[in-house]
Structure formats: structure tokens, C-alpha cells
Amino acid sequence: MTQTDRDAENGRDREKDREKDKEKEKEQRGVKRPIVPAAVPEPLQEQIQANFIVVIHPGSRTLRMGRATDTLPISVPHVIARRHKQGGQRRYEDQCLLRDGLNSAESNEQRQNGLKMVDQVIWSKKMSNGVRRTPVSAEQARLYNRQIRPAVLDPNSKVNWTNTSHQPEYLVGEEALYVNPADCYSIHWPVCRGHLNIHSGTGGSLTAALADLETIWSHALQKLLEIPLKDLKYYRCILLIPDICNRQHVKEVVNMLLVKMGFSAVVVHQESVCVTFGSGLSSACVVDVGDQKTSVCCVEDGVSHRSSRLCLAYGGSDVTRCFFWLMQRAGFPYRECQLGNKLDCMLLQQLKESFCHLDQDISGLQDHEFRTRFPDSPVLLYQLRLGDEKLQAPMTLFYPAAFGIVGQKMTSLLHRSQGDTEDPHDEHFLLTTQSKQDQSSKATTDRKLFPKPVGFEGESNMCDPSEKGNLAQDLDLGHAQAECLVGGADAEETSSALLSRKTAMTQFEGRALGVDKAILHSIDSCASDETKRKMYSCILLVGGGLLFHGAQEFLQHRILNKMPPSFRCLVENVDVITRPKDMDPRVIAWKGGAVLACLDTTQELWIHQREWQRFGVRMLRERAAFVW
């Protein structure tokens, strides 16, 4: 067969195949097929480089920020000084150690009663050798300290006020702290007790607080991390937020990061969960003692238990203020010290960190010395004799009545969200629709099982279902609990039970719990005994507010003595961890954010700029790794 014959035969075969295909198409035209949407190829997960992810942990006193690849974050005082726009404008300064609730007539009495309780506990405890402590009165130290006069070490402190001759619009961090009070600048701390610092004074609006945050963070990115703001479109951000947060504030901060600063994407996650990531623990009762607040929360397998969250409105700065009062009682030789002076506050913070402890074995009077080094002043050396004041001050974290704070909300529990107009399908919507479905299905079942006689009209329900739903929402009941309340029991009993629970919650939030009692309450709020056992076995203490010698043993002893007897047999050992992996407990949360950046599961949590601009706060509900 020639080549020509073979080509002709192949052509005939192809013609036959085409005819068969046409016949099949004709046969199938009459058959109705389901319409299959065109396949949309899944977007390839782009490889995100960790050095293009910035982790931000905004504290009340310190901002910690860095790339996810950095070993440690940069730490900046979270403060800004803004130049007055008009001549003769009144100077404003947010206070470091003074706070509302200290000027009440009852404040001093409450403080004295709290300190008496602390003294009784100290004197009733024996030291490790079995010998009872010898009480040391403040009068003994006062007689010595009153005679002390400072020695001049150097006529020039070599510390200068921040140079403002070029009249910068703002100054950030250390520069803001050393602005001369005579200069025309106001001092603002934009975060207070874990929330944006909203108040009635100058710069206390939401807009002003957000502007201060943006300026401080932009300065840190440009000057300290050396990231030009125009390049933020290539960077992503992980933002750490408190477990009990103001949702409106978080929404505004996320909008600032994505829209105003220009990050390409953001992940929002809770501090307590990031603490477990940073410490390498799967489950722990996380106790975060910060400068102005103390948070307690039980975390299990990367999930923060909602019912276990507590926020106490005191922290390390309250201990510093109490230590100053105790030193004054003992004749503090630096008599010019003022709680309203920010440089004096920094000195008192250093003295607290240097001298205070929670070691019961340290007893009696000890001599110390410290130096003052201020601008336009000589370097002065002071001698100081102290006794139990160094132990009394840290113990106020366990007896917060000694802070003398009156008329303030001292304990916060997690309340259900008030809702957001931009997110119509939030948990309120889900709870309401669920309750209505349960009501209708129950009514249908009742009609089938118990049909009404003709002409009979049943009694109307004494409580509107929507009212029950709203009440359940206000009290932050779990979904299952809300179902039971809305769909079940008698209306009068349900309403009265909810109201009594709401009253009990209000009374509970008015109390000032000590750290140890807050831990016990948080663990007791967990659902199962197995979870409680895990939490008692691993208490993780982080933050800078309880960084005292002996804190680990002291807290362990108090938890062992106060935990329910039923768990003493189940829990082999109450383990209090203060320095996991020998890390500074102040940076563990930030480190956990850096670990989060490298996890594969984080890919599902990113909120991109375009998504935020289109859907807004709804993206937080959809993408957050916790219940928004």
C-alpha cells in the first residue's frame, strides 16, 4: 500500500468518527441535563513571606511591634506629645499613676482596711524554716529615713529635655516623655486599661485616639522597623487584642490599618490564645498582669473559653502607686516626688521593680540606695531603709481593696455584643431567628399532638419571645442555654431567673477580686471537670505587672490552699509557669503572634483590604478565629 492510499484511509476513518459524534449529539439533545456551573479554579495560595508580616501588640503603656521573623519586638512607650495649635492653649496630660476613684471620702478608709488585711496575712505566715516573721513597724524605718539627706554625685545629670526648637507637630515614645512641661505640648496615652482612651478632656474623642494610634504606629514602622509607609501595601499585619474587648474600637483600629495606613491584609487574634502559642502550650489558664489591667482566661487547644474570661481593672501601675504610699509612710527621703509628674512615676516604677518581692523568707529592715537623674538637675544619691513595705505592695494584687479605688467597675465579664448596623446577620439575628424557628416548630408539634377544640382560644403567652431573646442576649448566655430559655420553661420563671442573674452579675462586677480568686472563678466557669483539671495543672503567668521574686511559689501556695477540695485529689500538681522557655513574660503574647503568622491555618484568617472595603465589619465575624 502506497503512502497515498494510507492517507486516504485515515481521512475516511476521521470522517466516520465525526459522523458518530454528530449522531450522539442529536440523541442527547432531547435529554434534560442539570446545568453545571462553569468550574471556577481555586485561587492558588500565595506563599506569604514572614518577613512581610508585622505583628502589633498594643499595650496600655508599651507598644510591641516587629516583623514575624524578628527574635524580639521593638518596645516603645505608647505615648505621644502633640504641639498646641493655638497660643495660650491649656496644657493637658494623661496621668500615669493617678486614676478616677482615688479622691473619694471612703478611699483612704478602704485603703487602710486593705493594708491591715495584708499585714495580718504577712504576720500570720511562717517562714520556710518554721520561724514566725518578726513584725516591723513603719515607724522604725521612718526614724532613719527622716534623717537622710541626698549626696550630690554629679552636678550635671547629662539628661536633657527633648529639643523642640524646630517645633515638631508631634513627638513619640521616649521623646514625648522628656518634653519640658514648659513647652506647648499635651501628652496623650491612646490606650487605657486595654481600650481606647476615650474621655471628656482634650484629645479624648474616638477620632483623636485613633489619630494618636496611627501616628505612633506609623512612626514606629518608619523609624524603628525602617518600613516606608508607601510600602505597606506589600505588608500584612497581625493585631493582638484583649479577650474582653470593645468591638467598636477593634473595628475602628482594623479600618485604620487597612484603609488609612494601607496594609494589604490583617488577622485579628486574642492575646490569651497567642500567649499559649508563644509558650508552646496546648492548654493553660492564662493570667496576664499588665500595667493597668489583669486578664484571666482559660485556653484549650487554641480556643479561649468565653465563660472563663475575666478582666480586672488594676495592674502594675496600681502596685507602684501603693508602694509610693507605703514608702511615704516610712519617711521616703525623696520628698519632692509627685504622682502627677511623669518622670517621678518612671522612677517609682524602677524602685518597685528593684525592691519589691513576694518572698516570705525576707524579713526585717534592709538598707537600699537609689539615684535620681533628671534634666536640669544634679545626680543625687539617696539612702533608704525599708521593711515589710516591699512585700506589702505586691500583695495588694491579692487584696485590691488596698488600692483605695471607690465607685469604679473593677471586674468585667464578657457581655454579648450590642450589635453593629453594618452587620445585620450578627449573633443577634442568628439567636432571634433560631428562637422563632424553635417557637414555630414547637407550636406545630403541639397542634398535631394536642389539636384545639373548635371555638377554643388559648391563653396568650405572658412574655414576648423577642423580649426573652433580648434578655438572653444581654446576659451572654451560650447558644444551647439561650435555646433552653427561649423555647422551654415557664415565661414568668424564665424572666425572673434572667433578671436575678443579671443583678448578680452587676453585683459581681462591682467587687474587686484578687488575682487568686479571679483564677479560681475563671477555672470554675469551665464546662467539664477534665477541663478544670487541665487548667489547675497549668497556670501561665505573663505580663510585666507580677514580675516579682517569689511570685511563682506565692501564687502556687494560694491556689493550692483555696482550690475546691474535690480537685485536690484529681490534680497531681498545680504548676505555675512564669517564664516559659526562659522568655521575658512581657513579650510572650507578641511571640505567639509571630508563631501564628507561620501557621498554615492562618491562611484562612486574613481579611484583605478589598474585602474590608466591600463588606466591612462582617469580615471580622466571618474570618476571626474566635466568636466575634
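Is Lys230 buried or exposed? Lys230 counts as exposed, at 63% relative accessibility (exposed is over 50%, buried under 20%, partly exposed in between, with a 1.4 Å probe and protein chains only).

This is a predicted model, where local features need pLDDT of at least 70 and side-chain atom pairs 80 or more, while totals for chains, interfaces and linings use all residues. Residues are numbered from 1 along each chain as its sequence is written, and side-chain values use heavy atoms, leaving out hydrogens and water.

**View 1. Lys230 pairs with Asp231 in a salt bridge (3.5 Å, N to O).** A salt bridge here is a side-chain nitrogen of Lys or Arg within 4 Å of a carboxyl oxygen of Asp or Glu. Asp231 is partly exposed at 22%.

**View 2. Asp388 and Arg133 form a salt bridge at 2.7 Å, N to O.** The partners sit 255 residues apart, so this one links distant parts of the chain. Asp388 is buried at 4% relative accessibility, and Arg133 is buried too, at 3%.

**View 3. Asp584 meets Arg586 in a salt bridge of 3.1 Å, N to O.** Both ends are partly exposed: Asp584 at 25% and Arg586 at 34%.

**View 4. Val118 touches Gln392, Met395 and Tyr399, leaving aside residues up to four places away in sequence.** Contact means heavy atoms within 4.5 Å. Val118 is buried, with a relative accessible area of 0%. Val118 and Ala393 are 275 residues apart in sequence, yet their C-alpha atoms are 9.1 Å apart in space.

Definitions and conventions
Helix = DSSP H or I, 4+ residues; strand = E, 2+ residues; numbered from the N terminus.
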